[in-house]
Amino acid sequence: MALLAPVSGNGCFLRLVEGAPVPGYRPARSFGWAAFEITVADVFALHARLADSGFTVIGPPKKVAGFNNFIPMQVVGRGGEILYLNQVLEDMSDLDLPLAAAPVDVIFIAVQAASDRAATLAFQRQALGLEEGGTFAIPYGVINNAFGLPADHRSTLTMTKVGRLPVAEIDQYPPDATARPRPAGGLPPGNAIISLGVDRLDRVAAPLLAPAAVHPGPLYAGRLSACVAGPDGEIYELIEMGEVGNA
């Protein structure tokens with residue numbers, strides 16, 4: 001396992017966990033964590049840098065109709081993980097989007113591929129205390145390309161947040177999507193897990209997958225943590241931060 005952090009020191013970690021390939025896994029075709037959105041300083045320069053890097057560009061940088069706040073690019077890594085590398089231009093009406101303070105900076109949204117968007121939204125609100133943000137219907141290139149849908153096919157997504165801080169994007173996936181295959185006792189392939197800070201674990205209205213424990217390393221800093229599972233089996237690691245707000 002490796003723990004990465006941006007050189008900006010902005011307090012975000014990306015954890016790489018080595019695992020054996022999982023037969024049947026295809027990125028953007030199954031329910032669970034689909035992608036992580038990361039703010040970058042210059043998406044066009046980064047696109048050039050990624051040539052022959054081991055990342056496969058599945059969506060070159062371009063503006064998206066209806067979204068003038070950022071310029072996105074989508075890539076798939078060697079483990080089947082998907083990253084949305086977004087050059088933020090300005091905040092949204094109800095969300096503050098982080099401007100990059102390094103060439104590649106913090107993760108600011110976790111993208112969930114949901115079988116039932118409303119059920120996942122209810123879980124994040126009721127079990128984790130997140131707030132509902134905006135709902136959008138857009139031509140979603142990653143989904144349309146993965147499922148062979150027309151380029152103008154629209155998918156519906158809903159944002160969740162804490163105040164003006166974005167947390168997750170819940171995408172309604174097509175009926176042809178499947179449960180994600182995973183090894184017994186292991187993590188799902190691709191984008192496997194997200195970690196969120198919460199005030200107190202005893203306020204989480206979902207059963208813990210295992211008793212809360214303290215783990216070493218800078219991600220935890222001596223704090224108690226535990227995991228819960230959402231409606232599609234997606235894993236949320238929750239780290240107890242103390243009385244600083246909601247999840």
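What follows is a conversation about how some descriptions of this predicted model are reached.

Guide: Residues are numbered from 1 along each chain as its sequence is written, and in this predicted model local features need pLDDT of at least 70, side-chain atom pairs count only at pLDDT 80 or more, and totals for chains, interfaces and linings use all residues. Side-chain values use heavy atoms, with hydrogens and water left out.

Visitor: Why is Ile 235 called buried?

Guide: Buried means under 20% relative accessible area, exposed over 50%, and partly exposed in between, with a 1.4 Å probe and protein chains only. Ile 235 has 7% relative accessibility, and therefore counts as buried. Its place is in strand β14, where a strand is a DSSP run of E of at least two residues, a helix is a run of H or I of at least four, and both are numbered from the N terminus.

Visitor: Which residues is Ile 235 in contact with, leaving aside its neighbours within four places in sequence?

Guide: Contact means heavy atoms within 4.5 Å, and the partners of Ile 235 include Trp 33, Arg 182, Leu 187, Pro 188 and Cys 227. The C-alpha atoms of Ile 235 and Pro 188 are separated by 9.0 Å, although the two residues are 47 apart along the chain.

Visitor: What makes β13 and β14 a pair of strands?

Guide: Two strands pair if DSSP finds at least two bridges between them; here 5 bridges join β13 (residues 224–229) to β14 (residues 235–240), and the two run antiparallel. Ser 225 stands opposite Ile 239 in β14.

Visitor: What makes strand β3 (residues 32–40) mostly covered, and which strands does it pair with?

Guide: In β3, 9 of its 9 residues are buried. β3 pairs with β7 (residues 104–114) in the antiparallel sense over 7 bridges, with Ala 110 as the bridge partner of Phe 36, and with β6 (residues 82–88) in the parallel sense over 4 bridges, where Ile 38 stands opposite Leu 85.

Visitor: Why are the buried residues of helix α2 placed on the same side?

Guide: The buried residues of α2 (residues 117–126) are Thr 120, Leu 121, Phe 123 and Gln 124. They cover an arc of only 160° around the axis, which puts them on the same side of α2; the arc is that of the directions from the helix axis to the C-beta atoms. On the other side of α2, Ala 118 and Gln 126 are exposed.
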